[in-house]
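Try each task on your own, then follow the worked solution step by step.

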Amino acid sequence: MLSAIAPRLEGMQQRVTAILVARSGAEYLQRTLAAVDRQARRPDFLIAVDAGSSDNSASMLTATGPAQLVAAPAKASFGEAVAHAVHVAAPAVSDNEWLWLLAHDNAPEPDALARLLGAVEIAPSVSVAGPKLMGWTRRDVIAEFGESMTPVGTSVRLVEDELDQAQHDIRGDVLGVAASGMLVRRSVWTALGGFDPALPSTDAALDFCVRARLAGHRVIVVPGARVASAGGPQHFGRRALSDRRRMQISRSAQLHRRLVYAPPAALPLHWLSLIPLAIIRSIVHLLAKRPGAVGAELVTALRAAFDVVPVIRARRNLRRTSSLGWKAIAPLRLSWRRAREQRTHRQDDGGGTGPAGPAAYREEPIGFVTGGGLWAVLGAGLVGLVPFGGLLGANSVSGGGLLPLGSVGKLWAQVGYGWREIGVGFTGAADPFSYVLALLGSLAFWQPSAAIVALYVLALPLATLGAWFAARRFTVRPWPPALAAVLWGIAPPFLSSLGTGHLGASIAHLLLPWLVLLALAAGRSWTAAAGAALVFAAVTASAPVLTPALLGMWLALVLSSPRRAYRLLGIPLPAAALVAPLVIDQILRGNPLGLLADPGVPTAGGASSGIQLALGSAAGGSNGWTALFDRVLLPAATAPTFVAALLLPLGLLAFLGLFVRGSRRSIPALAVALLGYATAVISTRLELAAVGSETVGIWPGSGLSLFWLGLIGAALVSLDAIGAAARGFAVLLGVASLLLAVPLVGSNLLGTLSVQPGPARLLPAFVDAEATSRPKIGTLILAPEGEGAIAASLERGRGTLLEQQSTLDATAVEMSDADARLANLAGNLASRSGYDSAPDLDDLAIGFIVLEGADADADAGAASADEAEAAVLRRTQDALDGNSLLIPVGETSRGLLWRYVGEADTVAVTGPSNTGSVLGIIVLIGQGLIVGMTVLLAVPTARRRREHVSRGTENEEPATTFDEDTDD
């Protein structure tokens, strides 16, 4: 045994002290001890070091009878443990004494030490020699063989995880070797001070070898000396190491070496660049789909910047021991070209084809053209021209809940937190939908409103396209995705949302299929997870009422994939960042339910019956069939029955999904449908906004879109499972769905379409011209309400735009002082009184007054309104005509116009913009950082994942499995 090894004390003969360090490595230690004992050239001394083992490693070391058994602290690094052993070793008697460094998981082959000694014996200038490290379980695979550095100091393993075919046996001189199995001259170890204490694991051996080279010693690898390694001291004693921790250790070692190796003149520059480089590298990590490395990067940079004592100590030691310059080791460093070639080689080797072989894979399970996707999209585009073709060439879209958009600068000025210029104005948080509008308008930066026009014209083909890609995820048959795409593109809730100008609900409908597609892939890919987070934010911003349902779906997805939950947990984060300021504002106002209100212009209308909602009708009635039956002289009362008959194929197929093969996929789809229907019902019961004196409920179309999504998903599962009968059911379903959409598609021809090309201006031409020189001038709009009341609203400049709308204003539960002042002013202007309105008109910067619904005749409105409304119009018109402060201008497109003759230079009181206050800047920076990091993470940079499609057998459902993404 090793206890019988006799020390060799003959003069200049090589003497070897083997230092074996163990920390809780009992599972490896027995093999390592046996391998050391079988050495053809046994070490002269064996010093065993137990570094705080929690298993029986210490007793195993004792049983071998080493010359010394040393106990090192539990937190000691491998280098520190070796230093403890050297301290108790017998004094050196010559310069030909060597230290052989081994960890508990380094098992040398019988001739390893003999070959190492043979190599250094014939080359006296060699002071460090490293063996060829082989796999612990696969002895034919090279684990590591030589180390080097790039021009910027990044450590590189010259050979790693390659099949050993003697292709690297010609190597000799290298810049560095691994610590595992390293043979080092004892005098050199002592002179250099051993491993740097600031490098506890990664790069410790490389740094030591660099210092040895600079001190004039050679470092070589010995191909014939082979040592099996299960990891060695690289991360000594750590059973498990996360990617984040591994990256932090590696980056910390790199920054430490950079500061130590830098010339004195360049050291300040390196120090100043630590934080900026960390920020840049964090962006690169996000692009490379390594979000966990961002925090490690920043922490490491901060630590390197302020923990300067280890750097000073290491620089002093390097200066003391160096006798050569850096040019002496330059040939041994890895050039950029070689580093790039090596990286490319490893990527190519790691590609693989999978166990099934190349033939089992195909890039597209269902072709876009061959699967009918292209024809479905083109058909939807032609159908979309029927209701919205009249918008072609228009500058904007108006009607319902739509208004034109302002310039790109104005769009982005409305995001975040700042002054909300609607009505009398107030300071508060913007709706998250303002970001959606800003992005949409930026696509047509020369005319932002044209983006909404394009969205309407392309709405049906865009919806069809997204649904086709999502449906393809659930089937391997070529035609069901095309059918699902058509059903989604002409869905009644979608057509109703478009027709009534509910832009947010329409955008949510377009994005829901993409959200499903990305969310289902999010567990395997950071790109998909970040994409799902962005789409989730856009959907919840466009249709806030969907937020509870989507959060429930997200939670179910997380719970169903606990092993992949770390990627899924961040999906709601961008949405939370965008809505957080609004949440705080609504809570402070005592109206948290206002968070669910529809963004944009509050619009009255919507179904109130649960039966109507079950029929997919968001606007009431029967998806337009009631009006159509009445027009063609058919009994209007039968319209709901007819619509129910058209919906029967979809409902039956969705219900059938519970009982066919693949029900585990249809059950979640039906749960989504139930969530959507519940959301639609609740929407009609919540009246959160107001239009004049009338309260407005939430538009149920958003919930019905989710309802429709679940039904189509469940029906798709049924069609995929019922075999030959599927085609007949598909034809029936397609024909019924096309018939169902006829009144909504033809709404433009039937005169029931609310949206239309936008007007050239929002306010009368006289006001519009004045606003060009006075953009903050106010126009007071008076409009008669029921029961003799009158509504008053204030618009600035050339009129209120879509991006200026705010749910804080629409859902306000209390009237502000400024609103009360405006109401008092309107009431006094609408009736004869002795009230002096000049101060209020001046303070509010009101220059014009418009009376809607009136014309120039004295009996204005009598023919077109009821007596009460006509009386209000006459009384108001008489009061305004008799007011000496006002000059009648005449009849305009909006009604009668008066001009205030007061101070022309009055400027409205406003608050800070979104960049004009500290709070606004903080909000923008916070939201920008979170969304920006998510965008970087969503940018696809990895090779495309391939799908492995299994069609299954007669008793098995089709399955689609995926290779792991390369961005993990």
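**Exercise 1. Find how many salt bridges the structure holds, and work out what the one between Glu 144 and Arg 157 ties together.**

Solution. 
- Step 1: This is a predicted model, and the structure holds 27 salt bridges.
- Step 2: In one of them, the side chains of Glu 144 and Arg 157 come together, with 3.5 Å from N to O.
- Step 3: Glu 144 belongs to strand S7 (residues 141-144) and Arg 157 to strand S9 (residues 155-157), so the pair ties together parts that are 13 residues apart in sequence.
- Step 4: Check the surroundings. Buried means under 20% relative accessible area. Glu 144, at 6%, is therefore buried, while Arg 157, at 24%, counts as partly exposed.

**Exercise 2. Decide whether Arg 281 and Glu 297, which meet in a salt bridge, are buried or partly exposed.**

Solution. 
- Step 1: The distance between their side chains is 3.0 Å, N to O.
- Step 2: Arg 281 sits in helix H9 (residues 274-287) and Glu 297 in helix H10 (residues 292-306), so this bridge ties together parts 16 residues apart in sequence.
- Step 3: Arg 281 has 28% relative accessibility and counts as partly exposed; Glu 297 has a relative accessible area of 0% and is buried.

**Exercise 3. Find the helices that the salt bridge between Asp 843 and Arg 821 ties together.**

Solution. 
- Step 1: The closest N and O atoms of Asp 843 and Arg 821 are 2.4 Å apart.
- Step 2: Asp 843 is in helix H36 (residues 838-843) and Arg 821 in helix H35 (residues 817-829), so the linked parts are 22 residues apart in sequence.
- Step 3: Asp 843 is partly exposed at 40%, and Arg 821 is partly exposed at 30%.

**Exercise 4. Describe the largest nonpolar core.**

Solution. 
- Step 1: This core has 122 residues, and Tyr 456, Leu 460 and Leu 503 have the most contacts inside it.
- Step 2: Helix H29 (residues 701-721) gives the most to the core, with 11 residues.
- Step 3: Zoom in on Leu 460. Beyond its neighbours within four places in sequence, Leu 460 touches residues including Ala 380, Phe 388, Ile 490 and Leu 498.
- Step 4: Now look for a second, separate core: it has 45 residues, among them Val 49 and Cys 209.

Methods
Residues numbered from 1 in each chain as written. Predicted model: local features only at pLDDT ≥ 70, side-chain atom pairs only at ≥ 80, totals over all residues. Heavy atoms only, no water. Core = buried A, V, L, I, M, F, W, Y, C linked by side-chain atoms within 4.5 Å. Buried < 20%, exposed > 50% of the residue type's maximum accessible area, 1.4 Å probe, protein only. Helix = DSSP H or I, 4+ residues; strand = E, 2+ residues; numbered from the N terminus. Contact = heavy atoms within 4.5 Å. Salt bridge = Lys/Arg side-chain N within 4 Å of Asp/Glu carboxyl O.
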